[in-house]
Amino acid sequence: MLPKMVSLWPLTLICFLAFSVSITHCKTLKRDVKALNEIKASLGWRVVYAWIGDDPCGDGDLPPWSGVTCSTQGDYRVVTELEVYAVSIVGPFPIAVTNLLDLTRLDLHNNKLTGPIPPQIGRLRRLRMLNLRWNKLQDVLPPEIGELKKLTHLSLSFNNFKGEIPKELANLPELRYLYLQENRFTGRIPPELGTLQNLRHLDVGNNHLVGTIRELIRIEGCFPVLRNLYLNNNYLTGGVPAQLANVTNLEILYLSYNKMSGVIPTALADIPKLTYLYLDHNQFSGRIPNAFYKHPFLKELYIEGNGFRPGVDPIGAHKVLELSDTDFLV
């Protein structure tokens with residue numbers, strides 16, 4: 001039996017080589033080649049010096065373009081990831097990107113992109129991560145972002161977006177992380193965001209938002225898995241409603257630098273894993289209930305710049321909480 005098994009090896013090797021050659025010589029879909037070459041030819045993208053050749057997925061001895069990831073689908077290769085960040089790309093958001101219909105990741109953060117996000121962004125139906133933070137993008141957000149049904153991570157922070165936060169973001173059933181801080185958004189935070197069953201992190205800090213927390217959490221059963229809620233540095237008014245304790249998975253509640261008032265309800269201390277509570281620089285009054293000082297998880301309670309009664313003490317040392325790039329991993 002052994003000689004027969006050995007004799008099969010050459011045939012197996014030939015089949016394997018033939019399969020490998022067939023993969024190597026898969027053609028890149030013309031749609032994707034055209035789209036990325038359009039981007040390459042634009043003036044603002046000439047800083048991407050490693051884009052050599054015409055085929056973004058690599059051709060013969062040339063490797064794939066830097067920041068471009070391709071996958072094989074049938075007889076063709078398609079571009080599934082485009083990650084070109086921190087290379088000082090200038091100019092408007094490249095509309096040609098929206099022709100890369102198989103993209104799952106689009107990361108252009110920390111560049112100098114300007115202008116609006118085009119409504120054609122809604123064509124990228126397979127996108128799971130969209131990271132455009134730290135650019136100079138502006139104008140209103142297109143409601144078509146709400147058509148990206150597979151999106152789990154959306155970061156548009158540190159830009160110049162204006163207008164209202166579109167309620168269409170509530171149409172993203174898989175969304176886990178939503179970063180909208182450091183823009184110029186106005187109006188109220190859409191309470192529809194509370195219907196997102198997978199949302200873990202919501203940051204709308206440092207905008208020009210108005211309204212109350214009571215309005216934000218008015219939908220019954222809202223924010224079922226939300227852990228981090230950043231509402232700081234806006235123009236929110238009203239008090240902290242006791243119903244906020246129904247958002248039972250909260251760990252970080254950041255209310256600093258608003259125009260909120262009233263007393264802090266004892267019910268808030270019933271949130272089991274509340275770890276950071278920032279109330280500073282508002283118009284709160286009264287006392288902090290003793291339950292907060294006995295909370296097993298609460299590490300920081302920051303209260304400076306309010307009208308609390310004398311003798312109300314903070315907990316811990318205040319620090320700015322930031323998440324690292326690892327939080328964008330899908």
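This is a predicted model: local features need pLDDT of at least 70, side-chain atom pairs count only at pLDDT 80 or more; totals for chains, interfaces and linings use all residues.
Reader: How many aromatic pairs does a search of the whole structure find?

Author: The search finds eight aromatic pairs, and two of them, Y276 with Y278 and F284 with F308, are taken up here.

Reader: What makes the pair of Y276 and Y278 tilted?

Author: A pair of aromatic rings is described by the distance of the centres and the angle of the planes. For Y276 and Y278 the centres are 6.5 Å apart and the planes stand at 55 degrees; planes under 30 degrees apart would count as stacked and planes over 60 as edge-to-face, so this pair falls in the remaining class and is called tilted. Both residues are buried, and together with Y230 and Y254 they form one aromatic cluster.

Reader: Why is the pair of F284 and F308 called stacked?

Author: The angle between the planes of F284 and F308 is 20 degrees, and because planes under 30 degrees apart count as stacked, the pair receives that name. The centres of these two rings lie 6.4 Å apart, and rings pair if their centres lie within 6.5 Å.

Reader: Which parts of the chain does the pair of F284 and F308 tie together?

Author: F284 lies in strand β19, residues 283-286, whereas F308 lies in strand β21, residues 307-308, so the pair ties together parts that are 24 residues apart in sequence.

Reader: How do you know whether F284 and F308 are buried or exposed?

Author: Buried means under 20% relative accessible area. F284 has a relative accessibility of 1%, so it counts as buried, and F308, with a relative accessible area of 13%, is therefore buried too.

Reader: Turning to the sheet, what makes β4 and β6 a pair of strands?

Author: Two strands pair if at least two bridges are found between them. Three bridges join β4, residues 90-92, to β6, residues 112-115, so these parallel strands meet the condition; V90 stands opposite K112 in β6. Two bridges join β6 to β8, residues 136-139, where L137 is the bridge partner of G115, and two bridges also join β8 to β10, residues 160-164, where F161 is the bridge partner of D139.

Reader: Why are β4 and β14 called edge strands?

Author: The open sheet has six strands in the order β4-β6-β8-β10-β12-β14, with parallel pairing. The strands β4 and β14 each pair on one side only, and these are the edge strands. On average, neighbouring strands of this sheet are turned by 15 degrees against each other, direction ignored.

Technical notes. Residues are numbered from 1 along each chain as its sequence is written. Side-chain values use heavy atoms; hydrogens and water are left out. Rings of Phe, Tyr and Trp (its six-membered ring) pair if their centres lie within 6.5 Å; planes under 30 degrees apart count as stacked, over 60 as edge-to-face and the rest as tilted. Buried means under 20% relative accessible area, exposed over 50%, partly exposed in between (1.4 Å probe, protein chains only). Helices (H or I, at least four residues) and strands (E, at least two) are DSSP runs, numbered from the N terminus. Axes are lines fitted to C-alpha atoms, for helices over the stretch in contact, and angles run from 0 to 180 degrees between N-to-C directions.
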